[in-house]
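Come along and have a look with me.

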Amino acid sequence: MTHTFKGGVHPNYMKAPEIPMTVMTPPPQVVIPMIQHIGAPNKPLVQKGDYVTMGQKIGESPAPVSAPVHASVSGKVVAVEPRPHPLGDMILSVVIENDYKDTPCTDLAPLTEEQLKDSDAILERIREAGVVGMGGAMFPTAFKIRGGIGKVDKLIINGAECEPYLNGDHLTMLNYPEQLLKGIELVRIASCLDKCYYGIEKNKQDAIDLLNSLHPEKYGIEIVPEEIKYPQGAEKMQVKAVTGREVKPGGIPSGVGANVVSTRTCYAIYQACYEGKPVIERIVTVAGSAMKAPTNILTRVGTPFEYIAEQCGGFVKTPRKIVLGGPMMGICATSLEAPNIKGTAGVLFFTEEEDRHEDEPTCIRCGKCITVCPMNLEPVFMYMYYSKGDFENMAKYHITDCFECGSCAFNCPARMPLTHAFKTAKLMFQAKAAKEKAKAEAEAARKEVKV
Amino acid sequence: MAVNQKERIVFDVAYQPQVRTDVNTGRLMGRVICALLPAVAVSVWQFGLQALLLIAVSVASAVFFEWAYRKLLKKSATIGDCSAAVTGLLLAMTMPPTAPLWLPVIGTFFGIVVVKQLYGGIGKNFLNPALAARAFLLASYAMALGQFALPRSLQGVVDGISAATPLSYLYSGEPMPAYYTLRSMMLGMRPGALGEISALALLIGGIYLVVSKVISWRIPVSFIGTVALLTLIFGHEGYSNVDFMLLNLCSGGLFLAAIFMATDYATSPVTLNGQLLYGFGCGVITVLIRYFGGYPEGVTYAILLMNLCTWAIDKAFHRHQFGVSKEDIAAEKAAKKAAKEAAK
C-alpha cells in the first residue's frame with residue numbers, strides 16, 4: 001500500500017541535499033523580533049545597554065499561546081525598537097551587537113533521566129526553549145501537544161519536506177539521525193503515547209534507510225515512506241497518508257485524533273531537553289536564480305537576509321523576490337534588512353527566470369485545477385464566483401476549506417491567480433463574519449437596554 | 001554584484017505559489033496539434049497535396065479571423081495561444097478531400113468569429129467552434145461535403161472517382177464491399193473526411209494526449225465505450241454483433257470526435273464524474289442518430305447537443321470536499337428531510 005492522498009502536483013523539486021550543511025559565521029548584529037510564533041506577542045525582558053548571553057531569554061508573554069524568544073548571540077543590546085519583520089510590517093525587536101564570544105547562558109540545564117520520561121517536564125522545557133512549529137507554521141509546540149493529550153492516538157512526525165528547494169529536514173535526518181530519533185521519542189513521551197509514525201517522502205530514501213538502520217522501533221517510531229507529491233507535507237495530507245483519516249472541513253488534525261509535528265521541531269526539542277539549548281539557530285536553504293548555487297546553511301535566528309545572501313556568495317543577478325520558505329506556500333519579504341526567524345526554512349532569491357505570469361490571464365476551463373486539488377474543491381468555479389463577488393455560491397463551493405497549498409495555481413496553464421483569489425475571499429468571509437457578529441451583539445445590547 | 005549596494009531594490013510581493021508549471025495554454029494547444037500530425041500524414045498519403053492545401057487554408061483563415069477580430073475590436077492578441085490554429089486544423093479534418101478551398105474559409109469565419117469570439121474568446125464559447133462550423137457548413141453546403149474522393153489505395157480497385165463511405169453502407173444496411181476491412185479502416189485506406197480515415201493514427205494521437213496529460217481518459221473512453229456497448233447489444237441485420245460494433249467504431253469520425261472534439265476544454269464538463277456522463281451522453285446520441293437519424297454520421301450533433309448540457313452537468317456533479325464522509329452526507333440528507341417535514 002502506498003501512503004499518499006488524492007490530487008497534488010509534481011513541481012520541479014530543485015533540491016540539493018548533496019550540498020553539505022555549512023555553519024554560517026554569525027552576523028555582527030542580530031535582530032530578534034518579539035513575534036516568531038502564532039499567538040500573543042512577547043514583551044522584551046531586556047533594555048538598551050544590557051549585556052545578554054547566548055541563549056538568554058529576552059522576550060516572553062504570559063499568554064498560553066505564545067513562545068519566548070532567546071538571544072542567538074552574546075553581546076550588548078543596542079536597540080529595542082520596531083524593525084522590519086520578514087512577514088511584513090514593523091515589529092518590536094531586540095537588536096544585539098555580537099561580541100563574537102558566544103558566552104553561553106546556563107539558565108536551561110539538560111533535563112535529568114527522570115525528567116526525560118515525564119510528559120510535564122518535557123512540555124515545560126519545550127515551552128521554555130521557545131519551540132514552535134519549525135516547518136513554517138510557527139504554532140507553539142508545547143500548546144499543541146498538551147492540547148492533544150488524551151484526544152490524540154496517532155502522533156505523526158512530518159518528514160515529507162514536499163516544498164521544492166528546501167533540504168533542511170533531509171539534512172537533519174542525515175546529519176543527526178540519532179538525536180532526531182531521540183527528539184521524536186520525547187514528543188511521543190510528551191504526548192503520552194506508545195507509538196508514533198514518521199512520514200518521509202521516498203525522495204529521501206537514503207535518510208529512510210539510515211533511520212531504519214538505527215532501530216526506530218526502540219524509540220517507539222515507525223517510519224512510513226510516502227509517495228513523492230506536493231503537498232504531502234500539509235498536515236491534513238500527512239494525516240490522510242499515514243492513518244487514512246480525513247480531517248473534517250474546518251477542523252484540525254486533533255479532531256480526528258492525530259497530531260503532526262515537523263522534523264526540525266523534533267530536533268529542536270532534542271536540543272532543548274538533552275542539551276539545554278533554546279531555539280536560536282536553524283538550517284536554511286538559500287537558493288534561487290539570483291544566487292550562483294544553492295546553499296544549505298546553519299544560521300542564527302535573527303540574521304538579516306542581506307547578511308545571509310552575502311555569506312552565500314552574493315547575488316549574481318538582481319533579485320526580484322525574496323521568498324521565505326518554499327516556493328509553493330512561501331510568502332514574499334519586502335526588505336533585505338528583515339531577519340530570518342524560527343520558521344524560516346528557506347530564503348529564495350528569485351529573478352524574472354522563475355516568474356511565469358500572464359498579463360491577461362484567461363481561464364480556458366481545462367479543469368486541471370480540479371484534478372489536483374487535495375481538498376477535493378473545484379477552483380475553476382470558486383474563482384468564477386469570486387470574480388462575481390457571489391458569496392452564496394463561494395460558500396457553496398467551500399472556498400473557506402482551501403488551505404492555500406497553491407497546487408491549482410501552480411498547475412494552471414492560463415496562469416490564473418487562483419490561490420491569491422481564494423486567500424482574498426477567505427479574508428472577505430472573515431470580515432463579513434466579524435461584521436455580522438458585531439451587528440448581532442449591538443442588537444442584543446439594544447434589546448437588553450429596552451428590557 | 002555586492003549585496004550591500006547603495007540603491008534600494010524594490011521587491012515584488014506576489015502571492016503564492018511563486019513557481020508555476022511550464023505547461024501553458026499555448027503548449028497545451030501545441031500538443032493537440034502534434035497529436036493530430038499522424039492523422040494529417042495519413043490524409044496527405046491518401047489524398048495528396050489537395051489535403052495539405054485544405055488544411056493550410058483552414059488553419060491560416062482561422063488564425064487570420066482570430067487576429068483580425070481582436071485587432072479590429074482593440075482586444076489583446078490571442079493567436080499566440082494556438083487555439084485558433086487548433087480550430088482551423090480540426091475543421092479541415094472533418095472535410096472531404098474534394099471540398100472547395102473557400103469552404104473552410106467560410107467555416108472558420110463562423111467558428112472563430114460567431115461561435116468563439118462573439119462570446120468572449122477562448123474559454124467562454126459554449127459550443128465547440130470547429131463542430132459548430134461543420135454543422136453550419138453541413139446545413140448550408142451539404143453537396144460540397146457529401147462527395148468522397150477515392151483514396152490512393154483504392155484507385156484502380158474501385159471504378160469512378162468517388163465512393164460511398166463505410167458508414168453509409170452501415171447506415172443503409174447494405175453489405176460492405178470486400179475492400180473495406182478492419183485493417184483498411186485502421187490504416188486509412190478508405191474514403192472519408194481528411195482526418196477520420198485512419199482510426200489507428202487518431203488512436204496514437206489520443207494516447208499521446210492522455211499520456212501528456214492534455215486531456216483525461218474519461219470523455220474519450222466513456223464516449224467510445226458507450227458506442228461500442230450499444231452497437232454490440234443491438235447489432236444490425238446482416239452483420240455479426242461484434243463485427244458491427246468494430247465497424248461502427250472505425251468507420252466514421254468517432255475517434256476524431258471522441259478524442260479531439262468532445263474533449264474541447266471550454267465546452268466539456270470539468271467535473272470528473274460529469275465527464276463520464278458527458279461521454280456517455282455523446283455515445284448514446286451518436287448511436288441514436290446512426291440508427292434512426294437522417295444522417296449516416298451522428299457525432300457532430302451528438303457533441304453539439306451535449307455541449308449545451310455541459311453547464312448543467314457540472315452543476316449536478318459538484319463534489320463534496322475533503323473530510324466529508326459518506327455518513328456525513330447521509331446525516332446531512334436526513335437533516336434536510338427532517339427540516340422539510342417539520343416545515344410541513
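Entry on domains. I looked up chain A and found domain 1 (115-275) and domain 2 (368-450); such bounds come from an automatic or database domain assignment. Taken over C-alpha atoms, the centres of domain 1 and domain 2 of chain A are 31 Å apart. Their contact takes 5 residues from domain 1 of chain A and 6 residues from domain 2 of chain A, where contact asks for C-beta atoms, placed from the backbone, within 7 Å.

Entry on reading the model. I noted that this is a predicted model, where local features need pLDDT of at least 70 and side-chain atom pairs pLDDT 80 or more, while totals for chains, interfaces and linings use all residues. Residues count from 1 along each chain as its sequence is written, with chains lettered from A and ligands numbered from 1 in the order written.

Entry on the two chains. I found 58 residues of chain A in contact with 37 residues of chain B.

Entry on a helix pair. Helices here are DSSP runs (H or I, at least four residues), numbered from the N terminus; axes are lines fitted to C-alpha atoms over the stretch in contact, and angles run from 0 to 180 degrees between N-to-C directions. The contact brings together Leu131(B), Ala132(B), Arg134(B) and Ala135(B) of H5(B) with Thr300(B), Tyr301(B), Ile303(B) and Leu304(B) of H14(B).

Definitions and conventions:
Two residues are in contact if their C-beta atoms, placed from the backbone, lie within 7 Å. Helices (H or I, at least four residues) and strands (E, at least two) are DSSP runs, numbered from the N terminus.
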